[in-house]
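Hi everyone, thanks for coming along. Let's walk through one structure together, starting from an open space in it and then moving to the parts around it.

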Amino acid sequence: MRFLLSLSVDTPQAVIPINYSYEIASWIYKMLEQGDRPFSDWLHNQGYVLGEKQFRLFTFSQLRVPRRKIEGDRLHIQSSHVSLTISFCVEDLGGHFLMGVFRAQKMRIADRIGGATFTVENVTLLESPQLASAPIFSATTPVCVAESVMYMGKPSARYCVPDEPDYGERLMMNLIHKYIALQTFLGKAIDPSAVAPAAFQYKLLSQPWKRAITIAAHSERETRLIGYQYDFELQAPLPLLQVMYDAGLGEKNSMGFGFVETKK
């Protein structure tokens with residue numbers, strides 16, 4: 001379920017960090033905490049669990065800024081209004097709760113260098129497309145797929161490239177695990193056809209664009225993550241396509257990674 005947030009830019013000559021994913025994720029958790037603190041604490045600290053895996057099952061788009069200028073690691077906003085889409089794996093009643101949580105709220109995007117304040121003027125529930133009949137998609141925020149490796153005797157992450165032979169299989173298993181974790185949480189049966197590998201076909205359609213995103217820049221928690229944006233074709237059972245659309249593709253979705261749009 002997706003929500004389009006229309007925001008006014010409250011700060012004159014607004015300049016924000018180009019890496020703002022951490023700030024938006026923190027704001028989302030803060031808004032959820034104001035609406036339902038137990039749910040926010042559960043989502044932040046545990047989430048949907050499958051074995052040792054934990055999923056938050058939400059993601060968000062980049063800020064859509066009609067007029068802007070980029071200088072170094074700063075984004076100069078030259079528009080009076082911007083927009084943001086937030087996507088959750090929730091059922092209808094949860095959707096109405098979330099619309100109320102974000103309506104008329106203030107959002108601050110800033111780091112130690114500077115930032116700007118925004119006001120949510122409107123929240124619109126977006127209609128979900130017919131995913132099974134439109135199998136071509138575009139990853140409009142980076143898709144992160146990583147594997148654990150040892151580097152100089154220490155655990156590290158190797159970020160997988162979309163044209164690697166087993167990349168599609170990694171995406172498939174990630175979606176299956178998310179689906180099972182969600183169904184388990186809801187107390188619903190697992191549809192055997194939804195977890196059948198033979199029904200999953202991934203095809204890369206464009207040259208991947210590598211993006212390195214810095215999380216919590218200029219702080220002690222600063223972390224650098226790598227993902228890729230690209231167009232792709234994905235044929236899969238509808239429950240998996242819906243999880244991809246609502247919760248994001250790949251990993252680190254709650255940091256704004258893996259936001260996917262349908263593409264004609």
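Let's begin with the lining of the largest pocket: its residues divide into 13 nonpolar, nine polar and seven charged. Here Ala, Val, Leu, Ile, Met, Phe, Trp, Tyr, Cys and Pro count as nonpolar, Asp, Glu, Lys and Arg as charged, and the others, Gly among them, as polar.

Please keep in mind that this is a predicted model, where local features need pLDDT of at least 70, side-chain atom pairs count only at pLDDT 80 or more, and totals for chains, interfaces and linings use all residues. Residues are numbered from 1 along each chain as its sequence is written, and side-chain values use heavy atoms, with hydrogens and water left out.

Back to the pocket, which holds about 850 Å³ of space. A pocket is an open set of points on a 1 Å grid over the protein atoms alone, where a 1.4 Å probe fits, with protein on both sides within 12 Å along at least five of seven lines; lining residues have an atom within 4 Å of a point. The volume is the space filled by probe spheres set on the points, which are joined across faces, edges and corners. Of the 29 lining residues, Q54, R56, E251, K252 and N253 are the closest to the pocket's centre.

Which element gives the most to this lining? That is α4, with six residues. Helices (H or I, at least four residues) and strands (E, at least two) are DSSP runs, numbered from the N terminus.

Now follow α4 (residues 167-186) to α5 (residues 238-247): the two helices pack at an angle of about 90°, with their axes 9 Å apart. That makes α4 roughly perpendicular to α5 (65 to 115 degrees). Axes are lines fitted to C-alpha atoms, for helices over the stretch in contact, and angles run from 0 to 180 degrees between N-to-C directions. On the α4 side, L175, I176, K178 and Y179 meet P239, L240, V243 and M244 of α5, where contact means heavy atoms within 4.5 Å. By class, this contact has seven nonpolar, no polar and one charged residues.

Helix α5 also lies across β1, β5 and β8 (81-88), at about 55° to β5. Those strands sit in an open sheet of five, in the order β5-β8-β1-β10-β9, with antiparallel pairing. Two strands pair if DSSP finds at least two bridges between them. Eight bridges join β1 (residues 2-9) to β10 (residues 115-126), and V9 has F118 as its bridge partner in β10.

Key:
Angles under 35 degrees count as roughly parallel, over 145 as roughly antiparallel, 65 to 115 as roughly perpendicular and the rest as oblique.
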